[in-house]
Amino acid sequence: MVLVAHRRMTSPSMIKSRLLSIYLFEVVRVVNNQHLFRLGNQTEGVALAVMNNISEAQSCQSRRDLIHKLKLAHKEIREAESLSIHFTERNGIPRSWKQTINSLLDELGRLMSSSIATAIRNQQRPPKDQMRA
């Protein structure tokens with residue numbers, strides 16, 4: 001069981017979501033120091049939601065549950081993209097952080113889109129045991 005858990009934690013989407021959350025929590029620290037608490041709270045929520053939904057999707061109970069959790073993660077990624085408009089040097093966020101965050105959001109968005117499409121396509125296929133009959 002430990003091997004399975006380790007494999008899940010090293011999937012590209014988990015690695016990227018963990019890295020994204022590290023950057024986003026640094027953004028939270030900076031914007032809270034600038035007294036931009038609302039932006040900090042929303043960014044913190046997105047950082048947790050993306051990583052948690054991807055993690056939950058990797059231990060889902062059904063294909064329908066997988067699709068639902070991936071769609072939630074994808075929605076949170078889009079929310080983070082809209083929040084990143086406010087990650088400016090004026091608000092204390094280095095340009096390199098914003099570039100890295102945007103790159104991670106883009107990669108995670110593409111991973112989620114392709115994973116959702118694959119899961120939906122596989123959901124429409126009959127199970128292998130029914131194909132033999």
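Where does H35 lie? H35 is found in the loop between α2 and α3 (37-57), where helices (H or I, at least four residues) and strands (E, at least two) are DSSP runs, numbered from the N terminus. The model is a predicted one, in which local features need pLDDT of at least 70, side-chain atom pairs count only at pLDDT 80 or more, and totals for chains, interfaces and linings use all residues. Residues are numbered from 1 along each chain as its sequence is written, and side-chain values use heavy atoms, with hydrogens and water left out.

The secondary structure of the protein chain comes to 6 helices and 0 strands, and from the N terminus on its elements run α-α-α-α-α-α. Of the 133 residues, 34% are buried (buried means under 20% relative accessible area, exposed over 50%, partly exposed in between, with a 1.4 Å probe and protein chains only). The accessible surface is about 8300 Å², and carbon and sulfur atoms account for 53% of that area; such areas come from the Shrake-Rupley method with a 1.4 Å probe, and for residues only the protein chains shown count as cover. Among contacts (heavy atoms within 4.5 Å) between residues at least 6 apart in sequence, 72% join residues at least 24 apart.

Most residues other than glycine have a negative phi. H35 counts as exposed because its relative accessibility is 61%.

L24, by contrast, is a residue of helix α2 (residues 12-33), and it counts as buried because its relative accessibility is 1%. Leaving aside neighbours within four places in sequence, L24 touches T43, V46, A47, F87 and I101. The C-alpha atoms of L24 and W97 are 9.0 Å apart, although 73 residues separate the two along the chain.

Helix packing comes next. Two packed helices are described by the angle between their axes and the distance between the axes. Here axes are lines fitted to C-alpha atoms, for helices over the stretch in contact, and angles run from 0 to 180 degrees between N-to-C directions. The axes of α2 and α3 come within 9 Å and cross at roughly 170 degrees, which means that α2 is roughly antiparallel to α3 (angles under 35 degrees count as roughly parallel, over 145 as roughly antiparallel, 65 to 115 as roughly perpendicular and the rest as oblique). This crossing is left-handed, the term for a near helix turned anticlockwise from the far one by less than a right angle, with right-handed for clockwise. L24 and F25 of α2 take part in the contact, with T43, V46 and A47 among the residues of α3. By class, this contact has 15 nonpolar, 7 polar and 2 charged residues; Ala, Val, Leu, Ile, Met, Phe, Trp, Tyr, Cys and Pro count as nonpolar, Asp, Glu, Lys and Arg as charged, and the others, Gly among them, as polar.

Helix α2 also packs against helix α5 (residues 95-124), at an angle of about 145 degrees and with the axes 10 Å apart. The crossing of α2 and α5 is left-handed. Its contact includes L20 and L24 of α2 and W97 and I101 of α5, and divides into 14 nonpolar, 3 polar and 4 charged residues.
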